[in-house]
Amino acid sequence: FVAAKGGAKGATWYSREGETRVAAFSVPVKSSIGAGDGFAAGFIYAHAQGKSLRESARYANACAACVGQEVGCADAVPTPEALERQLRQAKEESITS
């Protein structure tokens with residue numbers, strides 16, 4: 001598979017099965033430094049747990065969003081708990097919107 005990152009436009013994943021688009025998380029961005037690393041880390045974390053491509057892509061976007069909300073990549077990489085909170089918060093926002 002290949003991922004095409006689009007920042008605030010989300011990401012598109014291409015695989016043998018086709019194309020998967022995943023929306024970005026709407027967060028206040030303080031810095032984009034390290035967001036790409038967070039994106040990769042989020043995907044690897046979820047994929048290693050056996051999550052689907054779509055769910056792993058959501059984790060990638062969530063992790064990138066967490067990193068972008070802070071200044072400094074090393075301190076901004078979320079814990080698994082913070083990543084789960086970001087995913088739950090986005091789910092709640094989409095339900096109430």
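**Chat about a predicted model**

Me: Which residue has a positive phi in the hairpin of β1 and β2?
Reply: Glycine 7, with a phi near 60°. That hairpin has five residues between the strands. Keep in mind that this is a predicted model.

Me: OK. In what sense do β1 and β2 pair, and over how many bridges?
Reply: They pair in the antiparallel sense, over four bridges. As one example of a partner, lysine 5 has alanine 11 in β2.

Me: And β2 with β3, how many bridges there?
Reply: Five, and the sense is antiparallel. Strand β2 covers residues 11-15. Its tyrosine 14 stands opposite glutamate 19 in β3, and serine 15 is opposite glycine 18.

Me: How many residues are in the hairpin that joins β2 to β3?
Reply: Two residues make that link.

Me: So what's the order of the strands in the sheet?
Reply: The order is β1-β2-β3, and these three strands form an open sheet.

Me: Why is one side of β1 and of β3 left without a neighbour?
Reply: Because β1 (2-5) and β3 (18-22) stand at the edges, and each has a single partner strand.

Me: How much are neighbouring strands turned against each other?
Reply: By 20° on average, with direction ignored.

Me: Which helix lies across β2 and β3?
Reply: That is α2, which runs at about 35° to β3.

Me: Switching to rings. How many aromatic pairs are there?
Reply: A search of the whole structure gives five. One of them is tryptophan 13 with phenylalanine 39.

Me: Why is that pair stacked?
Reply: The ring planes of tryptophan 13 and phenylalanine 39 are at 15°, and planes under 30 degrees apart count as stacked. The ring centres are 5.5 Å apart.

Me: Where in the chain do the two sit?
Reply: Tryptophan 13 is in strand β2 and phenylalanine 39 is in helix α1.

Me: New topic, pockets. What volume does the largest pocket have?
Reply: About 370 Å³.

Me: What lines the largest pocket?
Reply: There are 20 lining residues, and Gly7, Ala8, Ala35, Ala64 and Ala65 lie nearest the centre. Gly7 is also the residue with the positive phi in the β1 and β2 hairpin.

Me: Which elements give two or more residues to that lining?
Reply: Helices α1 (35-48) and α2 (53-68). The one that gives the most is α2, with four residues.

Me: And by class, what is the lining of the largest pocket?
Reply: Ten residues are nonpolar, nine are polar and one is charged.

How values were computed. Residues are numbered from 1 along each chain as its sequence is written. This is a predicted model: local features need pLDDT of at least 70, side-chain atom pairs count only at pLDDT 80 or more; totals for chains, interfaces and linings use all residues. Side-chain values use heavy atoms; hydrogens and water are left out. On a 1 Å grid over the protein atoms alone, a cavity is a set of points where a 1.4 Å probe fits but cannot get out, and a pocket is an open set with protein on both sides within 12 Å along at least five of seven lines; lining residues have an atom within 4 Å of a point. Grid points are joined across faces, edges and corners, and a volume is the space filled by probe spheres set on the points. Ala, Val, Leu, Ile, Met, Phe, Trp, Tyr, Cys and Pro count as nonpolar, Asp, Glu, Lys and Arg as charged, and the others, Gly among them, as polar. Two strands pair if DSSP finds at least two bridges between them. Axes are lines fitted to C-alpha atoms, for helices over the stretch in contact, and angles run from 0 to 180 degrees between N-to-C directions. Contact means heavy atoms within 4.5 Å. Rings of Phe, Tyr and Trp (its six-membered ring) pair if their centres lie within 6.5 Å; planes under 30 degrees apart count as stacked, over 60 as edge-to-face and the rest as tilted.
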